[in-house]
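Hello,

Here is the structure I promised to pass on. Have a look at it first, and then read my notes below.

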Amino acid sequence: MKKGWRWKKRLLKRGGIRLAAFAAAALMALSATPAQAVAETGMPAGQNAPTEHVVAVVIDDFGNRMKGTAEMLRLPIPITAAVMPFLPTSQADAEAAHAAGREVIVHLPMEPVRGKASWLGPRAIMTALPDEEIRLRTEAAIADVPHAVGMNNHMGSRATADERVMRIVLQVCKEHGLFFLDSRTSYKTVVPKLAREMGVPLLQNDLFLDDVYTDRHVAGQMLLLKARAQKHDRTVVIGHVGPPGLITSGQLAAAAPSLRQASVRFVKLSELLSPPSPYLMPGAELPGSASLESEPGSKTPVESPTSR
């Protein structure tokens with residue numbers, strides 16, 4: 001028994017010595033001078049490595065041979081192509097985007113508060129439609145856009161504020177394993193509330209790049225993007241093919257190097273889904289957006305006046 005006890009005492013003594021040594025080393029590290037910290041870690045004491053900020057660029061309105069289509073697909077950054085269904089080049093544009101390594105989502109036409117229904121294109125989601133027709137149109141839109149991994153709303157300020165309509169749309173998304181990007185064309189959107197309730201992965205737009213079709217305005221939006229990206233870990237922005245297509249693609253190409261130098265990394269939209277992001281909470285007013293009730297850049301089968 002005595003031998004056993006002596007052996008245990010030795011182990012306890014050795015363990016205590018090791019614990020004391022560990023504590024001393026930790027104390028020395030905490031009390032290290034700034035010069036010592038720089039020598040050992042390469043950066044001043046208390047300073048972490050630069051934070052990387054990620055930006056997802058979504059380009060709406062693919063599907064109708066719109067201006068800037070080819071230029072957007074050639075950009076030296078990842079983009080997510082939002083393709084409108086039921087248009088002359090919907091499937092061809094989705095296939096081209098996929099072949100170019102771009103992510104594809106369905107750009108679902110939805111009823112705005114203002115504007116003509118004809119501006120939406122075929123088989124839009126209207127609030128007067130019965131439940132079954134909303135479901136059928138949403139299913140058909142998904143089937144018409146190959147390689148889609150998600151969905152966002154085209155216009156839709158009225159539809160995205162309608163709980164009955166959006167519950168059906170989000171349920172179809174859930175059944176197909178699609179996430180939903182709320183373009184936030186209305187501050188009355190019910191999408192965040194329903195998505196949380198239904199367990200549908202959700203992202204939200206932070207900034208429209210081309211709500212005014214001029215180089216000067218889009219360049220200013222790029223500065224807003226840079227400022228926002230440096231303050232937030234994750235940012236979603238939306239641009240468009242169509243009238244502003246060449247302007248927006250040119251400004252994105254020109255701004256990309258300076259954004260990368262500012263520790264901004266461009267990613268596919270779906271990369272923001274994991275881990276869960278603050279986009280699951282309703283957002284505040286969109287910075288730099290001309291109006292929450294007039295959709296920027298949206299041109300559907302023909303180039304016509306726009307509305308949300």
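Of the 308 residues in the chain, 49% are buried, where buried means under 20% relative accessible area, exposed over 50%, and partly exposed in between (1.4 Å probe, protein chains only). Please keep in mind that this is a predicted model, in which local features need pLDDT of at least 70 and side-chain atom pairs count only at pLDDT 80 or more, while totals for chains, interfaces and linings use all residues. Residues are numbered from 1 along each chain as its sequence is written, and side-chain values use heavy atoms, with hydrogens and water left out.

The secondary structure comes to 9 helices and 9 strands; these are DSSP runs numbered from the N terminus (helices: H or I, at least four residues; strands: E, at least two). Contact here means heavy atoms within 4.5 Å. Among contacts between residues at least 6 apart in sequence, 75% join residues at least 24 apart.

Let me start with helix 4, which spans residues 90–99 and has S90, D93, A94 and A97 as its buried residues. Seen down the helix axis, these buried residues fall within an arc of 100°, so they line one face of helix 4 (the arc is that of the directions from the helix axis to the C-beta atoms). Their cover includes strand 1 (53–62), helix 3 (69–73), strand 2 (80–83), strand 3 (103–110) and helix 5 (131–144). Just after helix 4 comes G101, with a positive phi of about 80°.

Which residues does V145 touch, leaving aside its neighbours within four places in sequence? They are V83, P85, A94, V104, I105 and V106. V145 itself is found in the loop between helix 5 and strand 4, and it counts as buried because its relative accessible area is 2%. Its C-alpha atom is separated by 9.0 Å from that of A92, although V145 and A92 are 53 residues apart along the chain.

F86 has a phi near 70° and sits in the loop between strand 2 and helix 4; with a relative accessible area of 18%, F86 is buried. M155 has a phi near 60° and lies in strand 4 (residues 148–155); at a relative accessible area of 1%, M155 is buried too.

Now to D61, in strand 1. This residue counts as buried because its relative accessibility is 0%. The D61 side chain makes a polar contact with the side chain of H154 (3.4 Å). A polar contact is a pair of N or O atoms within 3.5 Å; within protein, one must be able to donate a hydrogen and the other to accept it, and residues adjacent in sequence count only if both atoms are side-chain atoms.

Finally, helix 8 (residues 215–231) packs against helix 9 (residues 245–261) at an angle of about 35°, with the axes 10 Å apart. Axes are lines fitted to C-alpha atoms, for helices over the stretch in contact, and angles run from 0 to 180 degrees between N-to-C directions. On the helix 8 side, D215, V218, A219, M222, L225 and K226 meet I247, T248, Q251, L252, A255, S258 and L259 of helix 9. The residues of this contact divide into 8 nonpolar, 3 polar and 2 charged (Ala, Val, Leu, Ile, Met, Phe, Trp, Tyr, Cys and Pro count as nonpolar, Asp, Glu, Lys and Arg as charged, and the others, Gly among them, as polar).

Best wishes
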